[in-house]
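Here's a structure to read together. Let's take a few of its features one at a time.

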Amino acid sequence: MSSLNASLATALSGLIAEQGALAATTNNVANVNTPGYSREQAVLVASDPVVVDPLTFGTGVTLQSVESVRDPILESQIQQQTQAQGQYSTLSAALQQTQTNFTASTGDIGTSISNFFDSINQLSTDPSDLSLRQGVLTAAGSVATAFNTTADALTQQQGSLDLSVVQQVGQINQLTQQIASLNGQVASLQNVGENAGTFIDQRQQAIDQLSALVDVSVIPSDTTLTLTTANGAPLVTGLKSFQLTAETNAAGLHDVYSQGNDITSQITSGQLGGTLQARDSEIPQTQIQLDTLAAGLANAVNGVQAGGFDLNGNPGTALFNPPAVSGVGAAADLSVAITDPSLIAASSDGTSGSNGNAEAMYALNSQPVVGGQSPTDYYSGIVFNVGNDAANASTEQSASALVLQQLNDQRASISGVSLDEEAANMVQYQDAYSASAQVITTINDMMYAAIQMPTLTG
Amino acid sequence: MRVNPDPYPDLLAAVAQTQQEIQTDEQEIASGQSVNLPSDNPAAAAELVRNADQASQDDQFQRSIGSIQGEMQDADSALNSVTAALQQAISLGTEGANGTLNASDRQAIVVQVQGIQTQLIALANLSYQGNYVFAGTATQTVPYVLDPSSSSGVNYQGNTGVNKVTLGSNFSLQTNLPGSQLFSSGTGMFQAVQDLITGLQTGDTASIGTAVNELSSASQSVDSQAVFYGNGLSQLTSQQTYLSTETTELDQQETTVAGADLPAVISNLTTAQTSLEASLEAIGQTANTNLFEYLK
């Protein structure tokens, strides 16, 4: 049999449940601008009924839980896209910087090579003229300077990217520590059946930040998460985080180690992936091309020099200091070997008025002396490669940014706090609370009426 | 369906993208170039490198032509003077072959012919900016010096070398003829003049007649060789014209490859500005519209 007391308890359950639901709404409103926050939803269920044969009475409402609303599959897509975005934005920024060394200017390599050959053509018109010979030496010096400057800029950029590697490894370690500690907090709440939503949000936020840095693979377990790099190097297992280390290699750059293993080449995504790609692949590739051009040009010019005679009738000596046989460092080290303009071997017959060898040297500008191409064509190839790589990285970056934006939209459409919705919920919970309170007032009146009732034995 | 309740990130992303577009457009308008960085259009940037090199070469060819022209013009006019001097020697020889002249008359002619000999040596030793023009490639060596022991009265000290200068992608020009070829082929003008002097001194009219014939063929030889310089000079002029045309073409090509399409860019810019204003307007409108506003 139902009683007024039972009804009072039922009404009270309504008050409590609506208060709890309102608390969730309040928390949502408070966190409307909190990054990574997933809205909470009060889960109300009807309490178990009481059977008083032959009737069944409800016993009110229970606030079963407050759940954070999120889509784990979407989260993992966002992580992947964040990795791509981190990689391409870093790579794109690096390549944008690289390509500024290859824009047309008065001192760029292409112009200096053109000017060098122009000066030889001018010398050809009057091979014994010392001022024209000096002009060739000056132009050769400018070629060397242009190569040196560009090679130095690339090396410097490589150095600053290396610094980024060290910093990014530090950031990764900080985040994995944070995630391991959040794993602990999530586990301790979930083990006692509490809602760990806030900590899960924070952990998700940290994983997103980590994804921007490195390719992370998330393996969820009951309460904690295991994080590894895409290639399986452990980052976080349960409550333990595994530090990555940056160790100096033979080239003076930093390699990334995990548990004593060099995993540098395995990191392909995230900002660290992008930084490593720029440092270890893109810039060296450009450096090799520059070295090939510098060595090819210097060797060809020196070769022609050796076949001619200088102003004094002596066999020509090297105009450029011979680059290393391997070609490595040719651009950075390129320098002019002679300071005496009379040593330019313009003559092909030993007389001062012969320009035969100057003509042979001039002809180099249209001969396949560098990788099967003329020096200018080869240089234009470098400009193309550098520009193309920068353009591709930029396109990839824009594309991944767009996808990431869409995914974030999707996440927000599921997990984001809507003030309209919260306002409606608030009104709803408030109304329900008022109604329950009204029920209690009525029961109170009924109780009073019952108490005031004259006794039968009176 | 639930929608993303927070429109700001998308709106701000749109604003950022539009601002980027505006910046790119403004840069294009300011520079007049659509390729300001290699990544703007890698293929065009590479083409611009080759184009700039070609333009630089063409400018240089023009300068080299200018340098060569002066020397070839001087050589050409020196050769005209040589022909004139030889004609004068022929007249003097014809005069000296007259049997009625006595020895002192002939001696007077000898003096005049010797004067011509000196003049011819001076012309053959023409120097241009410190270089002997007719010395082959031995341009620092005086090509002709008087040498009484030589049958021609002079000695050629130059060589037979010639220079060619590249003055176009597929054009190079020989810029000199050595004195040995110009003045000493066949009997040679110096031999002819020396023969005339000897004939006049000995009074042998037959020898004088032979010398006059030699002079006449030497003059023809120099004349025909002088065509080399005339031809060369006119080739230089046509090459100048060709190079100017090519420079213009390269300029046009550069504009085609990398010039900003101003009407299009300005139209883009206007669109982008409108779009930016719209995005900003949207952000302004979005503010303060939620249900809480209406629950007061």
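**Reading contacts and a helix**

A: In chain A, 9 residues of domain 1 are in contact (C-beta atoms, placed from the backbone, within 7 Å) with 7 residues of domain 2. Strand β4 (residues 61-68) of chain A gives the most to domain 1's side, with 4 residues. By the way, this is a predicted model: local features need pLDDT of at least 70, side-chain atom pairs count only at pLDDT 80 or more, and totals for chains, interfaces and linings use all residues. Residues are numbered from 1 along each chain as its sequence is written, while chains are lettered from A and ligands numbered from 1 in the order in which they are written.

Q: Where do the bounds of the domains of chain A fall?

A: Such bounds come from an automatic or database domain assignment. Here that gives domain 1 (4-69 + 422-452) and domain 2 (77-405). Their C-alpha centres lie 65 Å apart.

Q: How many residues of chain B are in contact with chain A?

A: 43 residues of chain B touch 50 residues of chain A. On the chain B side, α2(B) gives the most, with 16 residues. Helices (H or I, at least four residues) and strands (E, at least two) are DSSP runs, numbered from the N terminus.

Q: Which residues of α3(B) are buried?

A: Buried means 20 or more other C-beta atoms within 10 Å of a residue's own, and exposed means 12 or fewer. In α3(B), the buried ones include B:Arg106, B:Ile109 and B:Leu120.

Key
Two residues are in contact if their C-beta atoms, placed from the backbone, lie within 7 Å.
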